[in-house]
Amino acid sequence: MEQIPRYPLKHKEEIVSFAIRTLEQAYEESKGRSDNPHRHDFYTLLWIKSGQGVHTIDFVDYPIEKHHLHIIRPGQVHQFRPSQKPTGVAVLFTEEFLDLHAVSKGFFTNLYLFDDCDQNQPLPIKKAEDLSFMDNLSYIMFKELEQADTLSYDVIAAHLKLLLIRCQRNLGRIDRKQEEVRSLVKEFKDLVEIEFRQFHKVLNYAERLHITSNHLNEVIKSSMGLTAKEYVQNRIILEAKREAYFTDHTGKEVAYYLGFEDPAHFSKFFKNCTGISFSKFRSSIR
């Protein structure tokens with residue numbers, strides 16, 4: 001059913017699990033044109049050293065500014081629209097890449113760089129030592145990818161791990177209690193990402209997490225400023241908007257795709273959540 005382009009990770013026309021390229025290269029290859037909205041099957045770190053323009057991630061526009069890191073998770077719809085030639089680096093990788101090259105799966109799972117499906121605010125990198133550190137790591141990964149001997153990918157994975165650690169530290173430190181809350185919030189979000197088409201009620205998620213609906217709501221509300229119900233609804237609405245913008249599927253088709261047995265129920269749900277009907281929303285964005 002999906003019509004939004006979804007691209008695998010390629011390097012020199014081959015499917016790979018890691019790639020790195022400069023934003024200058026990408027700009028020149030596209031002749032300065034913006035790319036079309038699309039999804040990836042992999043993680044992307046856009047390390048922007050300089051530039052101007054707009055980066056749209058799931059219907060939200062973020063400015064392209066120097067010394068900012070943009071993080072795109074698999075499945076997110078995004079479009080990079082520079083208004084001048086940017087400088088920087090795009091680091092592209094799959095979760096499996098780290099796992100295959102001696103970086104434990106637990107390390108990646110415990111990162112909270114990639115937690116939120118609805119929060120994509122670019123991360124400012126302010127300290128001179130961090131800027132220099134990220135430049136050095138990028139340079140080494142470039143050189144190792146060019147060399148490509150039997151140990152190159154192990155070296156790259158080690159430096160990618162260091163890069164992810166440095167980025168996470170820029171988000172700030174959390175104590176043990178915060179870690180426990182974050183762990184539950186992450187479990188909930190991961191479950192929503194998998195089941196939002198099937199489960200529309202908070203009770204479904206609470207049962208899967210072996211907690212009460214009230215406790216789940218309290219944790220999500222205190223952590224995110226919205227209820228668990230609102231989070232689930234936002235995820236459904238986001239997918240509905242993607243379908244409205246990037247496909248020609250009818251409202252009825254979208255309703256069934258999102259797990260609504262009655263298309264009329266979906267229409268009412270969409271209007272209650274957005275203040276506009278599905279058909280009017282589609283017309284307004286096109």
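This is a predicted model: local features need pLDDT of at least 70, side-chain atom pairs count only at pLDDT 80 or more; totals for chains, interfaces and linings use all residues.
**Entry 1: two loop residues**

I started with His210, which is exposed with a relative accessible area of 73% (buried means under 20%, exposed over 50%, partly exposed in between, with a 1.4 Å probe and protein chains only). I found His210 in the loop between helix H7 (202–209) and helix H8 (213–224); helices (H or I, at least four residues) and strands (E, at least two) are DSSP runs, numbered from the N terminus. The phi of His210 is near 65°, a positive value in a residue other than glycine.

Residues are numbered from 1 along each chain as its sequence is written, and side-chain values use heavy atoms, with hydrogens and water left out.

Next I looked up Phe59, whose phi is near 75°, again positive in a residue other than glycine. Phe59 sits in the loop between strand E7 (53–57) and strand E8 (60–63), and counts as partly exposed at 33% relative accessibility.

**Entry 2: the sheet**

I then traced an open sheet of 5 strands in the order E4-E11-E6-E9-E12, with antiparallel pairing (two strands pair if DSSP finds at least two bridges between them). E4 and strand E12 (123–124) are the edge strands, each pairing on one side only. H4 packs on this sheet and touches E4, E6, strand E9 (68–72) and E11 (contact means heavy atoms within 4.5 Å). The direction of H4 makes about 115° with that of E4; axes are lines fitted to C-alpha atoms, for helices over the stretch in contact, and angles run from 0 to 180 degrees between N-to-C directions.

What surrounds E11? I saw that 6 of its 7 residues are buried, so E11 is largely enclosed by the rest of the structure. E11 is joined to E4 by 5 antiparallel bridges, and to E6 by 7, also antiparallel. Ser50 has Thr87 of E11 as its bridge partner.
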